[in-house]
Amino acid sequence: MLARKYNTRDEREQAANTLMKNLDNLDVLYKFKPYKDWPAIGQKEMPYFSELLNYEPTHNHWQKIDAKSNYDKINVPGLHVAGWYDCFLDKTIANFQNGHQRALGDKLVIGPWTHANFGQMIGDRDFGMAATKWGEASMHARHLEWFNHWLKQEPLPETAPINYFVMGLNDWKTATTWPPQNTNFTPLYFNTGEVTADFTPPKQASEANFSYDPENPVPSNGGGTLHKELHADGPRDQQQLELRDDILCYTTAPLDTDLEVTGPVQVKLWAKTDAPNTDFTAKLVDVFPDGTAFNLADGIIRASKQHGDQVQNKINEYTIDLWATSNLFQKGHQIRIEISSSNFPRFDPNPNTGDSFINSTESQIAHQTIYHSPDYPSHILLPISR
């Protein structure tokens, strides 16, 4: 891409050297503010960078290239392949749903993978040989079957429209709908005490507090990110991260029996901040008997996105979309939900001022309160398979 912008070999080599130097210095560059003046982006290579940053989500530029806004123009079947740790997971599921509901013949395949990594070792977890295949055939063979059918009229093996990999079970299952028909959305409530997450609604009022400093955001540790070399993607042990004072951990007692969670995941959070604006994050974690805590899904919400200017010093209900997962919480494991206000650099930190680091360098510390009571029953909604 850089080569297109330069006329001479010397210019191209100089640009390539600058790019490599920047890639080796990303940790420092990520801290640069304001983003619109990011020095790693040359105006000759990307003159539109600052302009795009300032486009609101409703801007016509995004509407024109947004698949969801143009579903009515898509009339061919799609083979949608995603991973539970793919940064495009939510949109892949949405695109499948469009074609499936319109009976175009679409199929959805979700493995334990990160983006474009179809191996058995994903992040810090080994999902076994089954993770390298879709059913009994390789991914390559499945792709050939698909295109041979639609482009060469060859028979397509009878398979369910949805094939998904259950982590923990480390094997594949099928479904005809998403979420699967046997899904029971069950709230797991947050509270205080020795066991801080329970399927029983809270009977008494309690709260938890933490402070979020935009100058010291919670670092990304795995998940659906493309920072494969600098910031690891996929499932990673969260134990060290959970020692931070700006992360709340809500954890069940060890499970008496296996529990499969498959489908979309949401957190309903009643919270208050003393800042004009802020973010709230949530992360679903599988805690092994030895304490290892593997992330499964995470999400974030900007307070003003849901409550406009009615944020500061107000108790509001926030819906945090964690997209989806499929995991067998084995007997003896614990379910944990982390609540915080940052996940950087996967998501840009909120300066808490009502402005953005796109155009500003100013920030302030936000003091956050999370509520758990009969009136404010903060919880995660788990899609439990029955």
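**Asking what the labels mean**

Student: Why does Gln153 count as exposed?
Tutor: Gln153 has 63% relative accessibility, and exposed means over 50%, buried under 20% and partly exposed in between, with a 1.4 Å probe and protein chains only. The 63% of Gln153 is therefore on the exposed side. Bear in mind that this is a predicted model, in which local features need pLDDT of at least 70, side-chain atom pairs count only at pLDDT 80 or more, and totals for chains, interfaces and linings use all residues. Residues are numbered from 1 along each chain as its sequence is written, and side-chain values use heavy atoms, leaving out hydrogens and water.

Student: Which other residue has a positive phi although it is not a glycine?
Tutor: Asn352 does, at about 70°. Asn352 sits in the loop between strand 17 and strand 18. Its relative accessible area is 0%, so Asn352 is buried.

Student: What makes Glu154 and Lys152 a salt bridge?
Tutor: The label needs a side-chain nitrogen of Lys or Arg within 4 Å of a carboxyl oxygen of Asp or Glu. The closest N and O atoms of Glu154 and Lys152 are 4.0 Å apart, so the pair is counted. Glu154 is partly exposed at 34%, while Lys152 is exposed at 52%.

Student: How many salt bridges are there, and how do you know that Asp37 and Lys36 form one?
Tutor: The structure holds 15. For Asp37 and Lys36 the closest N and O atoms are 3.1 Å apart, which meets the criterion. Asp37 is partly exposed at 41%, and Lys36 is partly exposed at 27%.

Student: What does the salt bridge of Arg302 and Asp348 tie together?
Tutor: Their closest N and O atoms are 3.6 Å apart. Arg302 lies in strand 15 (residues 293-302) and Asp348 in the loop between strand 17 (334-340) and strand 18 (366-372), so the pair ties together parts that are 46 residues apart in sequence. Elsewhere, salt bridges that share partners join Asp124, Asp233 and Arg236 into one network.

Student: Why are strand 12 and strand 15 said to stand at the edges of their sheet?
Tutor: The open sheet has four strands in the order 12-17-14-15, with antiparallel pairing. Strand 12 (248-251) and strand 15 each have a single partner strand, so one side of each is left without a neighbour in the sheet.

Student: How do you know that strand 14 pairs with strand 15 and with strand 17?
Tutor: Pairing asks for at least two DSSP bridges between two strands. Nine bridges join strand 14 (residues 279-287) to strand 15, and seven join strand 14 to strand 17, so both pairs qualify. Phe280 has Ile301 of strand 15 as its bridge partner, and Val285 stands opposite Arg336 in strand 17.

Student: What makes strand 14 mostly covered?
Tutor: Nine of its nine residues are buried. Asp279, Thr281, Lys283, Val285 and Val287 point one way, and Phe280, Ala282, Leu284 and Asp286 the other way. In a regular strand the side chains alternate between the two faces of the sheet.

Student: Which peptide bonds are cis?
Tutor: Among them are the bond joining Lys33 and Pro34, with omega about -5°, and the bond joining Phe344 and Pro345, with omega about 15°. Pro34 lies in the loop between helix 2 (26-29) and helix 3 (49-53); Pro345 is in the loop between strand 17 and strand 18.

Definitions and conventions. Helices (H or I, at least four residues) and strands (E, at least two) are DSSP runs, numbered from the N terminus.
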